[in-house]
Amino acid sequence: MIIILKSNPDKQQLENLINWLKSLNLEIHYSEGKSKTILGLIGETSVVDMDMLLALDIVEDVKRIQEPYKNANRKFHPDDLVIDVGGAKIGGGNFLLIAGPCSVESSGQLLEIAVSVKNSGAGMLRGGAFKPRTSPYAFQGLREEGIRLLVEAKKATGLPIVSEIMDASQLPLFEEVDVIQVGARNMQNFELLKELGKISKPILLKRGLSSTLQELLMSAEYILAGGNDNVILCERGIRTFETSTRNTLDLSAVPLLKSMTHLPVIVDPSHATGISRLVKPMALAAVACGADGLIIEVHNDPAHALCDGPQSLTPQAFDELSRNIRQILPYAYR
Ligand code: PEP
Ligand code: MN
């Protein structure tokens, strides 16, 4: 980090600044030029609040030369992170296909879908029990009962399960859930992220609707900094001016994120497009550009789904997609 001082900085204020930086265990490289004085900070600068520096009278500008995320940074973790969820591996060349309904609706619905996606090659079952809906009048999920049905489907099929948490108070209910999802709307719920940093269960962190990749990595940083090393990132489309699709799938995020971080990166073509016939082409494109996995909504009766029917694949369509994925996987960009 570099601090550029205003000309003729007040001596006392400069001394205070230097003492404060030293108290943060930073080494200071002082260079006084003809018109500008520059302080180069050496050490763990992610602890320095840039805004606090910018607010000082004697400071003209502050520039970061290193990313503000350390735990999520590929520079400090050159090898891909591999996460093993009950035998289902993701990252480091291990591709994971996650599938299931948007929402758990009933035991019959979930079991039928779980068995079919497993037979088609899915390695993990998804299903929402706590649903973050835009309207308070829309189906809110089966909540505790939904989690219970997911655990039942896990026992029946042997598939590990992933489900979304909306509040830290729900954590005790997620005991038997293998991967906890933080949805797009909660990507910057920092108190929730801090709580998830205290456990060791893998967290599937979805990109916020209007979040930059750096913001996504900073949210992952909250979980990692708390001591939980197991975070999977998910690109699920972002808000743009385009209204033909539910969101705009930002596929360049995949190779970019993979160069910025060692964490596995998956893609959700269902929420990204909102249209079932676009799921297959976007899923294949995601595989081609190096995604470590996909999360896809599958419903046995999309027309009557309680949530996200228009973007859900039928079990047959998912089976076909899964075959196509296996065909192109060896040629994917890595
Ligand atoms: C979901 O996966 O069911 C979901 C609500 O996704 P997102 O948070 O990406 O909208
Ligand atoms: Mn959904």
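Why does strand β2 (residues 27–32) lie largely in the open? The number buried is zero, so β2 lies largely in the open.

**Conventions.** I note that this is a predicted model, in which local features need pLDDT of at least 70 and side-chain atom pairs count only at pLDDT 80 or more, while totals for chains, interfaces and linings use all residues. Residues are numbered from 1 along each chain as its sequence is written, chains are lettered from A and ligands numbered from 1 in the order in which they are written, and side-chain values use heavy atoms, with hydrogens and water left out. Helices (H or I, at least four residues) and strands (E, at least two) are DSSP runs numbered from the N terminus.

**Entry on β2 and β3.** I next looked up the pairing of β2, where two strands pair if DSSP finds at least two bridges between them. β2 runs antiparallel to strand β3 (residues 37–42), with six bridges joining them. His-29 stands opposite Gly-40 of β3.

**Entry on β11.** I then turned to strand β11 (residues 203–206), which is covered on both faces. Ile-203 and Leu-205 are buried on one side, and Leu-204 and Lys-206 are buried on the other. In a regular strand the side chains alternate between the two faces of the sheet.

I found β11 parallel to strand β10 (residues 179–182), to which three bridges join it; Val-182 stands opposite Leu-205. Together with helix α5 (residues 190–197), β10 and β11 make a right-handed β-α-β unit; right-handed means that, with the strands pointing away from the viewer, the path from the first strand over the helix to the second runs clockwise.

β11 also pairs in the parallel sense with strand β12 (residues 231–235), over four bridges. The bridge partner of Ile-203 in β12 is Val-231. The chain crosses from β11 to β12 through helix α6 (residues 213–225), and this crossover is right-handed.

**Entry on ligand 1.** I listed the residues around ligand 1 (a heavy atom within 4 Å); among them are Lys-206, Gln-181 and Arg-236. A polar side-chain atom of Arg-126 lies 2.8 Å from an oxygen atom of ligand 1. For Arg-185, a polar side-chain atom lies 2.9 Å from a ligand 1 oxygen atom. Ala-184 places a backbone N or O atom 2.7 Å from an oxygen atom of ligand 1. The protein covers 97% of the 290 Å² of accessible area that ligand 1 has on its own, by the Shrake-Rupley method with a 1.4 Å probe.

Note on methods:
Buried < 20%, exposed > 50% of the residue type's maximum accessible area, 1.4 Å probe, protein only. Polar contact = N/O pair within 3.5 Å; in protein donor to acceptor, adjacent residues only side chain to side chain.
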